[in-house]
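User: Please take a close look at the aromatic pairs and at the side-chain links around the strands. Which rings and charged groups come together, and how buried or exposed are they?

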Amino acid sequence: PTDLDLLPDGKTALMVLRARQSAVILMVDIALSAADPQDALTEVDLSPARPGLAAVTADGSAAVLYTTVEPDEEVTIIDFVNAKVRRIPLKKEVEAIALAPDGKTALRLHEPNYNAEVEDEVERMIDRAEGYSILRLEDGFAKLELLDSPPGAFSFTTDGTGLFLLEPRTPDGRHLLRRVDLETTVASRVLLASTPTDVRYVPAAQKAAVFQEHPTGRITFVDAKGEEVQTLTGFELNALVD
């Protein structure tokens, strides 16, 4: 196996066998496996796709399979509840995948490919750009967003309806936070005063805290739904007192 994930029920595991172009669903039951190992295994044919990695939803109802070792512009979704497999074509190859806490959407981070041999000028521009996609697992809808610079840290809201993604430094020197409504896939940008290093969602405040480089400390708080933005600077001043 090129990947092994234990599902949330603690009794089932998903193994990805890239060389066989398949996935194996394993019932992790010692007694059942000892009695008849074949009864504990279910193999899912994924061909012609050749995924090597899997990301499993928090409730264990589905998994998104992908590869990072070949320039494949697609992912495969396994629906465990309805026993269905769906291949989803993409515009760019995948670097990493993260699933929202509610298991309804996935964030796919892409990397530029400067070696892609495509004649179409638009496709070549897309291949060479930084970007991310929002994938809706239920129907396979995917929306690609191109970025001016490599994406940084990200954080989901606890209910899975929102996403915060950093653009630490654009070519023109700006520092940005992308706030994405995962229900509509619409994104807005928040301009930050200095280079962001991390972002964390704070459930009690329903805000994202964006930590930034600053000699005396700087945090910007951004509403998950509204437009309010507050920045606190200088909270580390006491650390400079000798």
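Analyst: Phe164 has a relative accessibility of 1% and therefore counts as buried; the class means under 20% relative accessible area, against over 50% for exposed and partly exposed in between, with a 1.4 Å probe and protein chains only. The model is predicted, so local features need pLDDT of at least 70 and side-chain atom pairs count only at pLDDT 80 or more, while totals for chains, interfaces and linings use all residues. Residues are numbered from 1 along each chain as its sequence is written, and side-chain values use heavy atoms, leaving out hydrogens and water.

There are two aromatic pairs in the structure. Rings of Phe, Tyr and Trp (its six-membered ring) pair if their centres lie within 6.5 Å; planes under 30 degrees apart are stacked, over 60 edge-to-face, and the rest tilted. Phe154 and Phe156 make an edge-to-face pair, with 6.0 Å from centre to centre and 80° between the planes. Phe154 is partly exposed at a relative accessible area of 30%, whereas Phe156 is buried at 13%. The other pair brings Phe164 and Tyr201 together: their ring centres are 6.4 Å apart and their planes at 15°, so this pair is stacked. It links distant parts of the chain, since Phe164 belongs to strand S14 (residues 162-167) and Tyr201 to strand S17 (residues 196-202), 37 residues apart. Strands here are DSSP runs of E with at least two residues, numbered from the N terminus. Tyr201 is also buried, at 15% relative accessibility.

Next, the sheet. Four strands form an open sheet in the order S9-S10-S11-S12 with antiparallel pairing, where two strands pair if DSSP finds at least two bridges between them. Strand S9 (94-99) and strand S12 (142-147) are its edges, each pairing on one side only. Within the sheet, strand S10 (residues 105-110) is joined to strand S11 (residues 130-136) by six bridges. Leu109 has Tyr132 in S11 as its bridge partner.

Ser133 also sits in S11 and is buried, with 4% relative accessibility. Its side chain makes a polar contact of 2.7 Å with that of His110; such a contact is a pair of N or O atoms within 3.5 Å, where within protein one must be able to donate a hydrogen and the other to accept it, and residues adjacent in sequence count only if both atoms are side-chain atoms. Beyond neighbours within four places in sequence, the contacts of Ser133 (heavy atoms within 4.5 Å) include Ala106, Leu107, Lys143 and Leu144.

Lys143 is also part of a network of salt bridges with Glu145, Glu167 and Arg178. A salt bridge is a side-chain nitrogen of Lys or Arg within 4 Å of a carboxyl oxygen of Asp or Glu, and the count by this rule is 14. One of them joins Glu227 to Arg179, with the closest N and O atoms 3.2 Å apart. Glu227 is in the loop between strand S19 (218-223) and strand S20 (229-233) and Arg179 in strand S15 (residues 175-181), so the pair ties together parts 48 residues apart in sequence. Glu227 is exposed at 65% relative accessible area, but Arg179 is buried at 7%. In the salt bridge of Arg174 with Asp172, the closest N and O atoms are 3.0 Å apart; Arg174 is partly exposed at 28% and Asp172 exposed at 54%. Asp198 and Arg200 form another, at 3.1 Å between the closest N and O atoms.
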